[in-house]
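Please keep the sequence and the three-dimensional view at hand while reading.

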Amino acid sequence: MTAEKTADPIPARAGDTGRAGAARAGTAQPAVRVSGLTKRYGEIDAVNGIDFEVMPGETFGFLGPNGAGKSTTIKILCTLAAPTSGTATVAGHDVTRERDTVRRNIGLVFQDTTLDTYLTGRQNLQFHAELYAVPKRAIAPRMRQVLEMVGLWDRRDSLVSTYSGGMQRRLEIARGLLHAPRVLFLDEPTVGLDPQTRSSIWEYINGLKSREDITIFLTTHYMDEAENCDRIAIIDHGKIVAIDTPEALKASVGEDRVQIHTADDAAAIEALAATFGIGAAVHDGAVTFSVASGEQFVPRLFAGLTVPIQSVSVSRPSLDDVFMSYTGKTIRDAEASGTDHMRAMVNAWRRRG
Amino acid sequence: MATEVSVAPADASGQDLSESIRVLVPERNIRQDLRAAGIVWRRELIRFRNDRLRAVTGLVQPVLFLFVLGTGLSSLASRGMPPGVDFRTFIYPGVLAMSVLFTAIFSAASIVWDREFGFLREMLVAPVSRAALVVGKCLGGATVATLQGIVILILAGLAHVPYSPELFVVLIGELLLLSFTLTAFGVMMAARIKQIQAFMALTQMLVLPLFFLSGALYPLTGLPSWLAVLTRFDPLTYIVDPMRRAVFAHLHVSPLAAHALAPGVTWSGWQVPQGLSLGLVAIMGLGMLVIAILEFRKTE
């Protein structure tokens with residue numbers, strides 16, 4: 001489908017999800033603030049001068065193909081890599097100058113498991129609690145709280161090697177929350193999991209927002225998962241190409257697609273052109289056309305069209321369309337060429353060593 | 001100063017605040033570093049306890065050396081032995097050192113595993129000093145290796161080494177020192193070597209020469225000069241010798257025989273005092289510990 005950008009992007013529909021509105025409330029200091037951030041590995045700019053802010057309580061997603069610079073950004077924000085230039089603060093603290101303070105205020109869930117599978121779930125959490133100096137009295141109740149949150153309380157004394165992939169990821173989320181961080185970083189939290197487990201992980205992540213006062217920063221290359229975010233930044237080749245709520249991004253990209261089944265398609269197409277000035281055509285056996293705001297157009301359609309309508313369907317542009325419109329390719333295309341890009345990056349990095 | 005973090009939603013949107021658990025993550029200080037070192041140390045012990053196979057396999061080699069090689073060679077070696085001294089008694093301190101050699105270095109190898117399986121990252125992103133992590137790891141490896149050595153210590157009677165509490169205290173102390181230095185050596189290498197295969201290959205290449213050159217199986221006197229020089233460069237030499245002297249001090253043998261078998265380390269004729277010998281091992285251990293800490297401090 002060819003998506004054309006509308007002249008005036010529809011503003012974020014407040015109250016559409018209820019989350020975006022809440023996140024914007026207040027003028028608190030941003031949970032994450034990044035300006036002019038660059039990370040260079042040899043000749044390649046893995047991250048090339050990005051700027052953004054994440055407000056407290058927000059769920060913020062970094063969407064892009066592998067090798068786009070998502071993980072590099074997260075590594076810098078988590079103090080695991082130093083930026084080549086630019087600054088970043090997390091929970092109000094500079095990631096290079098106040099590394100320990102930043103570390104105390106963040107929780108991390110990485111793409112790959114970072115659990116000790118020779119220990120039990122409880123022992124893994126105990127280890128974490130001691131490393132983060134969680135007060136001794138708070139350890140036991142807090143451990144129970146986070147384990148119950150992810151549904152692992154009953155399995156706490158089993159070795160992690162006996163956990164399924166989904167359980168391990170849930171344990172990591174529980175561990176990341178154990179020290180009550182202000183910002184939780186999730187680097188591809190559902191990668192490598194089956195669809196059912198993925199959706200259950202999302203249930204836990206979304207449930208978090210109601211239980212914890214926390215900002216969530218995540219990366220993903222799954223379009224459908226990005227829908228869970230309050231705001232998304234689309235990153236490609238180390239640059240942010242778009243940043244907004246999923247709704248606004250989709251609205252900015254183009255028009256909704258409306259399909260109607262009528263008694264007389266030819267007459268309907270003629271009437272559409274005459275009454276609304278819309279060019280329609282028959283696709284997949286239905287009269288198909290694009291309008292800026294499909295759901296608002298439908299009542300007018302019923303009022304204005306003399307031809308009897310049997311059924312109507314309105315579909316919004318997907319994030320796939322958004323990605324396509326901003327980068328000129330689908331995320332799958334980007335992944336394919338991204339592999340080469342990554343290989344070049346890895347080689348550059350090796351040469352550096 | 002401390003950052004207080006409330007677990008309950010700040011907007012108090014009808015949530016029961018009494019259910020929330022307040023977590024207060026304090027500023028980094030010495031106590032926190034000690035807690036971190038403590039848990040890293042404890043993890044080594046928990047893993048050792050869970051991994052019985054490792055404990056058993058770690059005993060195979062020392063037992064083979066002591067009872068199979070020792071017994072097999074004893075009739076041959078008895079010609080060079082003063083009357084009343086068993087060859088197994090002679091090699092016992094060396095075998096003791098060997099029993100901790102493998103365990104200590106393999107303890108350090110777990111860092112390479114941890115890196116491969118990601119757990120190292122969990123440690124490296126924590127708000128604790130690298131020193132706390134490395135010290136905890138080295139002490140953990142040292143404890144586990146010494147526990148392994150204590151099993152061989154229990155078998156002392158079979159090598160005609162007397163069960164003297166005083167001797168055991170000295171030997172355990174020396175085993176701890178040796179294990180600590182060896183773990184520090186392993187951790188230092190693990191900071192640099194990222195692949196487990198490479199680490200294993202390198203340790204295999206190093207462990208046997210270290211053992212053979214330490215004088216664990218032969219006295220340090222009357223050696224060809226090339227071998228004598230090499231033994232003086234082997235750090236293990238400086239721990240096997242004090243251990244052997246401690247054992248011989250508790251045997252009923254003539255001073256002349258004791259001197260022939262445990263002559264002590266000499267540097268071109270100068271007798272190295274036991275204190276200096278042990279001090280050298282300690283300094284090497286600490287030096288490698290510092291290098292390991294510096295290595296782990298580097299960020300990308």
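In this predicted model, helix H11 (residues 294–304) of chain A lies across E11, E13 and E14 of chain A. The direction of this helix is at about 165° to E14(A).

| Helix of chain A | Strands it lies across | Angle to a strand |
|---|---|---|
| H11 (residues 294–304) | E11, E13 and E14 of chain A | about 165° to E14(A) |

**The sheet of chain A**

The strands named above belong to an open sheet of 4 strands in chain A, in the order E12-E13-E11-E14, with antiparallel pairing. Strand E12 (281–283) and strand E14 (309–315) of chain A each have a single partner strand, so they stand at the edges and one side of each has no neighbour in the sheet. On average, neighbouring strands of this sheet are turned by 35° against each other, with direction ignored.

In general, the strands of a sheet pair through backbone hydrogen bonds, and the pairing is either parallel or antiparallel. Strand E11 (residues 256–262) of chain A and E14(A) run antiparallel and are joined by 6 bridges. Across this pair, Ile260(A) stands opposite Val312(A) in E14(A).

**Chain B**

Chain B contains 11 helices and 4 strands. Its C-alpha atoms fill a box of roughly 90 × 35 × 35 Å, taken along the principal axes. Of the 300 residues in chain B, 41% are buried. Among the contacts in chain B with a separation of 6 or more, 79% are between residues 24 or more positions apart.

One pair of helices in chain B may be followed in detail. Helix H6 (residues 165–192) and helix H11 (residues 274–297) of chain B pack with their axes 8 Å apart, at an angle of about 25°. Angles under 35 degrees count as roughly parallel, and H6(B) is therefore roughly parallel to H11(B). The crossing of H6(B) and H11(B) is left-handed.

Which classes of residue make up the contact of H6(B) with H11(B)? The contact has 17 nonpolar, 2 polar and 2 charged residues. From H6(B), the residues that meet H11(B) include Leu177(B), Phe180(B), Phe185(B) and Arg192(B). From H11(B), the residues that meet H6(B) include Leu278(B), Gly285(B), Met288(B) and Glu295(B).

Methods
Residues are numbered from 1 along each chain as its sequence is written. Chains are lettered from A and ligands numbered from 1 in the order in which they are written. This is a predicted model: local features need pLDDT of at least 70, side-chain atom pairs count only at pLDDT 80 or more; totals for chains, interfaces and linings use all residues. Axes are lines fitted to C-alpha atoms, for helices over the stretch in contact, and angles run from 0 to 180 degrees between N-to-C directions. Helices (H or I, at least four residues) and strands (E, at least two) are DSSP runs, numbered from the N terminus. Angles under 35 degrees count as roughly parallel, over 145 as roughly antiparallel, 65 to 115 as roughly perpendicular and the rest as oblique. A crossing is left-handed if the near helix is turned anticlockwise from the far one by less than a right angle, and right-handed if clockwise. Two residues are in contact if their C-beta atoms, placed from the backbone, lie within 7 Å. Ala, Val, Leu, Ile, Met, Phe, Trp, Tyr, Cys and Pro count as nonpolar, Asp, Glu, Lys and Arg as charged, and the others, Gly among them, as polar. A residue is buried if 20 or more other C-beta atoms lie within 10 Å of its own, exposed if 12 or fewer, and partly exposed in between; C-beta atoms are placed from the backbone. Two strands pair if DSSP finds at least two bridges between them.
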